[in-house]
Amino acid sequence: MFRRARSLLLLLLLSVSPLWAQSVPTPMEHFGFELGSDRNLADWEQLTAYYERLADTSDRVKVDTLGTTTMGRPFVMLTVTSAENHAVLDELHEIQMKLADPRTIQGEAELEWYLDKGRTVVLITHQIHSTEVGGGQMAARLLHRLATADDEQVRRILDNVILLDIPSLNPDGLQWVADWYNRFKGTEYEGAPMPWLYHFYVGHDNNRDWYAFTQLETQLTIQGAHNAWHPQIVHDVHQMGSTGARIFFPPFIEPWEPNIDPALTAAVNQLGSWMAAELTAQGKQGVVVSAQYDAFTPARAYQHYHTGARILSETASARLASPIDIAPRELVGPRRGFDASVRSWNFPDPWPGGEWGLPQIVDYMEAGAMALLDNAAKNRRYWLENFHEIGVRAVEKWDGWPEAWVIPASDRNRANRTGLQYLLRVLTMGDVEVRRAESEFQAGGRSFPEGSWVVEMRQPYASFAQTLLERQEYPDLRAYPGGPPLRPYDVTAHTLPLLFGVQAVAMEERPEVALSDPIAIPDWSFTLPPAFAGAEAPRVAVYKGWREPMEAGWTRWVFDQFGMPYDTLSDADIRAGSLESSYDVILFQGQTAGSIREGYPTGQLPQDYTGGLGEAGVLAIRDFVQNGGRLVAVEEATDFAIDLFDLPVSNRVERLPPEEFYIPGSILSLALEDHPANQALPREIPAWFWGSSRVFEVLDPTVEVLARFSRIPVLSGWVLGAGQVADQPALLQADVGSGSVVLFGFQPNYRAQTVSTWPLLFRALDPGL
């Protein structure tokens with residue numbers, strides 16, 4: 001009887017398989033092709049369905065929808081760890097939060113318990129740039145491996161690591177690129193560029209949003225992953241050009257932003273070098289470290305100011321999912337930090353050339369991710385201790401930091417509500433504690449009103465506040481003494497009080513005043529200027545050809561936040577003519593004259609996507625202005641306007657070598673002229689200047705100067721040849737026929753951050769001024 005009962009019990013247990021014994025679908029079973037095979041791209045709908053199946057069939061995987069994207073698609077994150085860790089995930093999360101804030105730990109015994117019980121938390125993010133297609137495909141392959149494999153390495157990773165995986169930071173773009181590629185696969189246009197921004201608003205700039213937090217996808221990642229878990233390591237999976245190294249890992253080249261903890265720099269260096277060594281040992285050629293990419297701007301490295309190591313990997317690209325052949329001669333030539341054809345200490349095994357495609361891209365990416373995860377597992381204790389000690393140093397305050405920053409509740413700051421809310425929102429969403437003074441107080445020889453905002457600098461993420469509130473002094477890096485400047489990977493300034501037009505004051509002593517609890521993330525409101533509301537508002541259009549620049553997308557985003565009515569005009573819309581019957585103002589954001597006139601050349605894309613304005617469109621713009629319309633042109637687009645209307649204006653720095661004039665992304669001071677368009681604005685305001693900006697020379701007084709760069713122009717960043725820009729025209733207006741043209745030499749809407757110059761942009765769009 002006992003044997004029979006036991007047999008029945010065994011049969012019952014065998015008929016109900018536990019999660020770990022159920023069949024997890026392979027990528028081939030789900031997609032119908034191997035992920036990472038040539039000419040095959042899974043789209044977002046297919047991928048998210050697969051992630052749900054992984055979570056349903058593996059007790060190692062949990063999937064969460066953090067929210068929806070700009071275009072309404074699910075934005076997902078997978079949590080991968082052992083079943084045993086999943087069973088106590090809340091406890092492990094609590095340990096991580098304790099280690100993230102040393103102020104909450106009472107004594108060495110408690111700390112030791114957390115260090116013993118905690119896990120290394122790793123965040124891997126994929127395919128923020130949607131044409132870098134390997135990352136999104138690799139994610140699913142990596143997650144399947146971690147969900148199913150039972151080898152020693154995978155078990156070690158699962159036992160010691162909590163992996164947070166965001167398989168696409170831009171699902172909208174992933175879907176669009178997959179649809180575009182699959183639509184033309186097998187035709188002459190296979191692998192051709194997609195002729196619109198792959199993020200609805202900001203295109204490639206979506207990975208320059210890691211401190212401004214403007215885009216929904218950024219906000220979901222920050223709040224749902226970074227701030228929710230404070231990972232020790234973040235692996236940002238990218239692709240780069242085709243003709244250099246096959247994959248890059250840190251160390252980064254100089255400069256490192258000075259508010260990054262030295263222990264983080266060392267941690268990034270050792271982890272990146274470990275990954276490079278692992279791949280080289282596997283026989284993967286073309287691995288480079290310490291080349292091309294620096295670590296200066298926080299726009300690309302949120303985690304460096306939140307006690308986490310950022311590992312950027314950049315894998316060589318193909319033609320989307322189509323393979324390419326690269327001849328050895330195409331690899332020849334020095335690059336920043338190495339030569340792609342020459343063996344060196346940081347490039348020990350050059351790739352000789354040959355076929356390169358999605359199989360190699362995904363293999364290299366997956367190998368890099370596994371090397372990173374194995375390091376995180378093997379060195380769990382190191383990562384937790386380093387993480388905690390970086391927080392300790394922040395709470396004790398660095399010697400070079402002030403005791404506090406004060407954002408006065410002054411009439412000036414309150415009048416700039418959008419800029420003030422923006423700054424407070426950035427700080428608080430960045431997990432910086434901002435408190436309010438409960439009474440008026442004196443500090444640093446001045447008075448501050450009750451309600452002023454105080455950022456005490458003895459807190460875990462004080463470095464984030466410091467880098468965004470102070471002014472940048474970028475080092476003068478040259479190829480050789482007196483030689484050309486070494487180009488930064490991105491820009492050299494990010495001082496938010498200047499960009500937002502808000503006063504913030506550093507205090508060397510802690511203000512003696514009672515402070516509130518930390519404030520919540522404030523609402524963000526935008527008040528449309530009265531001139532753009534009502535039936536008499538100017539009718540505004542933004543040029544949006546098939547080569548729309550990111551600056552135009554950022555401008556659309558700003559207009560949408562303000563609720564400003566506007567249309568976008570395609571090349572065909574403009575070529576149709578009679579523009580003055582529908583519009584009063586047309587805005588051309590920063591875009592070369594050639595791309596405006598000509599667009600994509602015939603043969604590069606299907607005919608519907610080629611050509612720019614053409615002769616008919618150019619004449620339509622000329623007639624629009626002649627008949628009373630206003631054309632507003634920004635930066636490179638000013639060349640188009642100057643040439644079209646034969647304006648007596650030139651770019652006085654156009655032919656200067658970089659040794660004499662170079663501003664790769666800095667904040668300059670702008671002096672406004674006495675003009676009705678500038679009424680009630682400050683006499684001087686900060687403005688953004690970078691490589692596509694212009695310094696005008698006006699050759700005839702019929703062109704009005706509305707603003708000049710100040711006599712002492714440099715406010716933050718790196719400027720070579722400040723004398724070339726000092727006191728020179730920056731913003732112009734010229735009457736043409738019955739209409740007018742406004743020319744911006746600087747960028748009035750740099751990545752939706754230059755609140756200081758938004759009023760100039762709006763006023764330029766109002767022909768009544």
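Is D236 buried or exposed? D236 is buried, at 6% relative accessibility. Buried here means under 20% relative accessible area, exposed over 50%, and partly exposed in between (1.4 Å probe, protein chains only).

## Basis of the model

This is a predicted model: local features need pLDDT of at least 70, side-chain atom pairs count only at pLDDT 80 or more, and totals for chains, interfaces and linings use all residues. Residues are numbered from 1 along each chain as its sequence is written, and side-chain values use heavy atoms, with hydrogens and water left out.

## Overall fold

The chain holds 23 helices and 31 strands. Both are DSSP runs numbered from the N terminus (helices H or I, at least four residues; strands E, at least two). The C-alpha atoms fill a box of roughly 105 × 70 × 60 Å along the principal axes.

Of the 769 residues, 61% count as buried. Among contacts between residues at least 6 apart in sequence, 79% join residues at least 24 apart. A contact means heavy atoms within 4.5 Å.

## Salt bridges across the sequence

The count comes to 33 salt bridges. Each is a side-chain nitrogen of Lys or Arg within 4 Å of a carboxyl oxygen of Asp or Glu.

D236 pairs with R310, the closest N and O atoms being 2.9 Å apart. R310 sits in strand β10 (residues 309-316) and D236 in strand β5 (residues 233-240), so this bridge links distant parts of the chain, 74 residues apart. R310 is buried too, with a relative accessible area of 3%.

D172 and R73 form another bridge (3.0 Å, N to O). D172 lies in helix α9 (residues 171-184), R73 in the loop between β1 (61-68) and β2 (74-80), so the pair ties together parts 99 residues apart in sequence. D172 is buried at 1%. R73 is partly exposed at 23%.

## A pair of neighbours and a network

R622 and D623 also meet in a salt bridge (3.4 Å, N to O). R622 is partly exposed, at 34%. D623 is partly exposed as well, at 33%. Elsewhere, salt bridges that share partners join D101, R103, E433, R435, E456 and R510 into one network.
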